[in-house]
Amino acid sequence: MSKTLTIALSKGRILGETLPLLEKANIVPVEDISKSRKLIFDTNHEHIKLVILRATDVPTYVDHGVADFGVAGKDVLMEASTKNLYELLDLKIAKCRLMTAGVVGQALPNRRLKVASKFIKTAKAYFAEQGVQADVVKLYGAMELAPIMGLADLIVDIVDTGNTLKANGLEARDLIAPISTRLVVNKAAYKTKYSEIEPILEMIRSAVEDNEGK
């Protein structure tokens with residue numbers, strides 16, 4: 001009998017793009033996730049279950065072995081403090097960019113920079129690599145307000161179309177990293193459940209290649 005496998009999925013935009021990809025890989029929840037308040041779902045495979053989490057919690061569940069697989073954005077993985085997972089596959093969905101942004105046309109001050117972001121770990125590492133002294137303040141939302149109201153000189157945030165930045169008088173500046181959704185696996189599970197995990201990985205890889213071929 002096959003060992004049970006749990007796949008942790010990120011809520012929101014990523015979920016909307018992940019489910020069709022899983023369907024191509026012949027992994028389908030037995031009920032409509034969008035119409036349910038449940039968080040754990042059976043699939044058309046008796047040994048595969050899906051659990052729906054906040055994106056930032058996905059790496060934690062996989063790292064602790066509560067979930068075998070996880071689907072999360074590269075931005076979340078860069079920020080996570082995890083040691084027990086492998087990043088197996090770029091799913092090439094929910095693509096965007098992690099960038100710095102500031103007020104249009106405004107030069108940076110000749111002093112230690114003030115930066116606002118929810119990506120504290122990544123922002124600190126980026127400015128350190130650039131040899132730029134910066135204090136990073138953690139914000140959870142409405143990032144665009146920080147430069148406008150003088151809280152920060154720059155922000156570090158996800159940029160998709162850039163329309164929100166423009167609407168608030170900001171401009172994207174430096175690219176920190178291209179972002180897409182990744183498939184991760186718990187290291188221990190990859191060894192102990194390899195015979196169950198590898199076929200799923202191959203099905204998902206084929207679905208990604210099929211998407212890319214279109």
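These are my notebook entries on a predicted model.

**Ground rules.** I number residues from 1 along each chain as its sequence is written, and my side-chain values use heavy atoms, with hydrogens and water left out.

**Overall.** I looked up the elements and found eight helices and 11 strands. I take both as DSSP runs numbered from the N terminus: helices are H or I with at least four residues, strands are E with at least two. The C-alpha trace spans about 65 × 35 × 30 Å along its principal axes. Of the 214 residues, 46% are buried (under 20% relative accessible area; exposed is over 50%, partly exposed lies in between; 1.4 Å probe, protein chains only). I looked at contacts (heavy atoms within 4.5 Å) between residues at least 6 apart in sequence, and 69% of them join residues at least 24 apart.

I traced an open sheet of six strands, in the order 2-3-1-4-11-5, with mixed pairing. Strand 2 (40-42) and strand 5 (85-90) are the edges; each has a single partner strand, so one side of each lacks a neighbour in the sheet. Neighbouring strands are turned by 25° against each other on average, direction ignored. I count two strands as paired if DSSP finds at least two bridges between them. Strand 5 pairs with strand 11 (residues 181-186) in the antiparallel sense, over five bridges. In that pair, L85 stands opposite N186 of strand 11.

**Helices on the sheet.** Helix 1 (residues 13-24) packs on the sheet and touches strand 1 (5-10), strand 3 (48-53), strand 4 (69-73) and strand 11. Its direction makes about 140° with that of strand 1. Helix 8 (residues 194-212) also packs there, touching strands 1, 3, 4, 5 and 11, and its direction makes about 30° with that of strand 5. For these angles I use lines fitted to C-alpha atoms, for helices over the stretch in contact, on a scale from 0 to 180 degrees between N-to-C directions.

**T100.** I then checked one residue. T100 sits in strand 6 (residues 96-103). Is T100 buried or exposed? T100 is buried, with a relative accessible area of 2%. Leaving out residues up to four places away in sequence, I find that T100 touches Y126, F127, I155, V156, E171, A172, R173, D174 and I176.

How values were computed
Predicted model: local features only at pLDDT ≥ 70, side-chain atom pairs only at ≥ 80, totals over all residues.
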